[in-house]
Number of protein chains: 2
Amino acid sequence: MRGLKVAVVGAAGAVGTQVVRLLEERRFPVSELRLMATKRSAGTRVAFRGEELVVEETSPDALDGAELVFMAVGTEASRELAPVAARRGAVVIDKSNAFRMDPEVPLVVPEVNPHHLKGHKGIIASPNCSTIQMVVALQPIRERAGLRRVIVSTYQSVSGTGVDAMAELREQTRQALDEKPLTRQVYPHQIAFNCLPHIDSFDANGYTLEEMKLVRETRRIFADEDLPVTATAVRVPVFIGHSEAVTVQTEHPLPADEAREALRRAPGVVVRDDPQNNVYPLPVDAAGRDEVFVGRIREDLALENGLSFWVVADNLRKGAATNAVQIAETMFREGML
Amino acid sequence: MRGLKVAVVGAAGAVGTQVVRLLEERRFPVSELRLMATKRSAGTRVAFRGEELVVEETSPDALDGAELVFMAVGTEASRELAPVAARRGAVVIDKSNAFRMDPEVPLVVPEVNPHHLKGHKGIIASPNCSTIQMVVALQPIRERAGLRRVIVSTYQSVSGTGVDAMAELREQTRQALDEKPLTRQVYPHQIAFNCLPHIDSFDANGYTLEEMKLVRETRRIFADEDLPVTATAVRVPVFIGHSEAVTVQTEHPLPADEAREALRRAPGVVVRDDPQNNVYPLPVDAAGRDEVFVGRIREDLALENGLSFWVVADNLRKGAATNAVQIAETMFREGML
């Protein structure tokens with residue numbers, strides 16, 4: 001099988017290291033792999049197929065010759081580098097917020113809208129972690145009964161913020177247990193044994209950017225610009241794995257049993273729904289897995305044609321790295337790479 | 001001022017000790033205080049107004065002569081003892097689930113439905129923790145705009161389960177940080193660094209009893225038996241303080257600014273709502289306080305006449321002990337005690 005020249009930008013970060021691991025685990029056809037990061041992380045060694053690759057400093061020239069570039073960096077860095085790599089002929093799969101609302105850039109979750117990849121112009125955006133897992137769970141319901149509105153409350157892990165936040169949770173938790181003063185650097189308030197209804201910055205409408213991503217990205221992925229979506233995004237003291245309490249109103253009635261059956265057959269979904277035996281999705285179980293876990297599927301008590309359920313996924317994997325690699329796999333399979 | 005002969009049953013538990021503390025803090029007119037608990041906890045000493053009171057074993061005879069009894073025990077124990085105390089002439093304020101749906105027993109949150117106390121027959125029920133804080137926040141919105149439906153996701157602390165659960169969270173957290181095997185006794189799954197979408201037992205409809213309490217108690221307190229309410233109740237690794245993401249649809253439009261102003265003037269509510277300056281309610285700030293904290297008040301994006309907000313309260317205080325003592329204060333003020 002033909003192999004591709006692949007580059008991973010941000011290869012020393014929480015998502016970038018997962019991308020490298022997934023390229024190996026999922027036997028993605030790589031003929032050459034270049035790893036890049038900021039100057040600070042250059043020199044880091046990362047294992048790939050039994051070899052140790054050295055992370056080099058990111059530069060436009062280092063991207064030359066790459067056929068496929070995974071960008072696992074912040075919005076500003078992506079905005080600068082992704083067009084450079086695309087102009088030099090690469091397909092760029094970008095996990096940042098830089099291009100998600102750009103009408104020229106497809107925003108893709110392979111289980112939901114792979115057809116949006118057609119006609120791409122070199123850059124493909126992967127949605128935000130909390131959106132990806134929600135739309136994977138919504139898709140089989142939408143296919144069968146249509147969606148009229150979506151209401152979601154999130155329980156998001158600190159790894160979504162990054163490795164510094166994971167260190168802060170670990171540190172503060174120990175300080176709290178030892179009854180010592182808590183130190184803070186990443187979050188504006190204590191995260192140990194606390195819940196912060198604040199992820200990303202606040203918009204003028206009182207919603208956070210994280211909440212508005214759930215609204216706008218969901219509409220774009222479903223190509224349903226008027227779909228009413230509302231969200232409350234909350235950071236909880238969990239290391240890996242985002243959870244979501246989702247309530248939907250469907251166009252047509254869909255009994256919980258039928259929704260459960262549809263979810264069971266849906267790609268990328270694992271149904272864990274036997275509450276009488278304490279079986280439901282949990283972030284600690286989803287960590288390290290590529291699927292989206294759905295449970296607590298029940299008919300809603302407050303909305304006509306309403307369904308409520310609980311969705312959990314590893315935010316670093318399906319919420320970021322896995323989705324990016326799956327986009328590449330889809331494009332390779334479809335001859336777009 | 002006249003004082004009352006008061007008994008606290010369950011005086012060694014998480015809520016019972018708070019009741020004793022609040023009777024002192026709030027200068028409730030007590031002429032005599034008797035503390036009772038199970039045989040296991042009898043002999044415990046509890047401070048009250050500079051004295052050390054000894055907890056005695058609960059028995060019907062020990063309740064003789066009490067004019068006011070706070071029951072801070074489980075449902076079974078309440079079902080047995082509350083009628084005994086009431087028959088012997090006491091007013092019983094019960095925090096358990098035993099009588100909350102009994103049409104003969106008022107279910108009261110003093111800020112919301114103090115008028116339901118009239119015509120009581122000796123037993124008054126205090127609602128479940130998660131209901132109390134929600135209805136206190138809903139009441140000013142309901143007064144101004146009416147309620148059409150309520151959708152709530154909870155983030156509940158382990159102290160709602162009891163002192164054993166607090167010890168389990170502490171223990172498991174240390175084990176997780178030290179990468180040791182986790183021990184479990186209280187919860188069916190790990191609670192450290194995890195979220196459990198499971199509080200109390202499961203009903204046949206797929207909802208937990210905790211979720212159905214939010215539904216049924218809210219309807220009863222508002223005397224609105226058809227109000228559509230739906231809930232997802234989740235246990236999070238927080239010691240004290242329940243949080244709730246609430247979305248409501250009102251009968252009439254109510255702009256977020258007016259809702260905020262109404263909440264500011266509402267009894268028992270503290271508005272913390274300046275997100276641009278990182279000001280919003282947090283469980284660690286609510287712990288030890290008697291008020292209900294409300295923030296993130298915003299117009300909802302998915303429902304016509306919709307509002308979303310974030311409500312936090314100390315589940316042991318306003319969610320249990322404070323509400324019980326406030327019921328007693330109201331009855332004393334109104335000459336019912």
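Which residue takes a positive phi in the hairpin of β3(A) and β4(A)?

**Before you click**

What you have open is a predicted model. Colour chain A by confidence: its mean pLDDT is 97, and 100% of its residues reach 70 or more. For the complex, the predictor gives an ipTM of 0.96 and a pTM of 0.97.

**Stop 1**

Where they meet, 13 residues of domain 1 are in contact with 16 residues of domain 2 in chain A. The domain 1 side of that contact has six nonpolar, five polar and two charged residues.

**Stop 1: the parallel sheet of chain A**

Show the strands β5-β2-β1-β6-β7-β8 of chain A, listed here in their order across an open sheet of six with parallel pairing. At the edges stand β5 (56–57) and β8 (123–125) of chain A; each has a single partner strand, so one side of each is left without a neighbour in the sheet.

Zoom in on β6 (68–71) and β7 (91–94) of chain A, which run parallel and are joined by four bridges. Show Phe70(A) and you'll find Ile93(A) of β7(A) opposite.

**Stop 2: the hairpin from the opening**

Strands β3 (45–48) and β4 (51–54) of chain A pair in the antiparallel sense over four bridges, and Val46(A) sits opposite Leu53(A) in β4(A). Two residues lie between the strands, and Arg49(A) is the one with a positive phi, near 50 degrees.

**Stop 3: over to chain B**

Here, bring up the open sheet of six strands ordered β10-β9-β11-β14-β13-β12 in chain B, where the pairing is mixed. Its edge strands are β10 (229–232) and β12 (269–271) of chain B, each pairing on one side only. Ignoring direction, neighbouring strands of this sheet are turned by 25 degrees against each other on average.

Pick out β11 (242–250) and β14 (306–313) of chain B: they pair in the antiparallel sense over eight bridges. Click Val248(B), whose bridge partner in β14(B) is Leu307(B). Then show α5 (209–221) of chain B, which packs on the sheet against β9 (147–155) and β10, its direction at about 155 degrees to that of β10(B). Another helix, α6 (256–265) of chain B, lies across β12, β13 (292–299) and β14, running at about 170 degrees to β13(B).

**Stop 4: where the chains meet**

Finally, show both chains. 50 residues of chain A are in contact with 50 residues of chain B. Elements giving two or more residues to chain A's side include α4 (163–177), β11 (242–250) and β13 (292–299) of chain A, while β9(A) gives the most, with five residues. By class, that side has 29 nonpolar, 15 polar and six charged residues.

How do the copies relate?

How values were computed: Residues numbered from 1 in each chain as written. Chains lettered and ligands numbered in written order. Predicted model: local features only at pLDDT ≥ 70, side-chain atom pairs only at ≥ 80, totals over all residues. Contact = placed C-beta atoms within 7 Å. Nonpolar A, V, L, I, M, F, W, Y, C, P; charged D, E, K, R; others polar. Pairing = 2+ DSSP bridges. Axes fitted to C-alpha atoms, helices over the stretch in contact; angles between N-to-C directions. pLDDT = per-residue confidence, 0-100.
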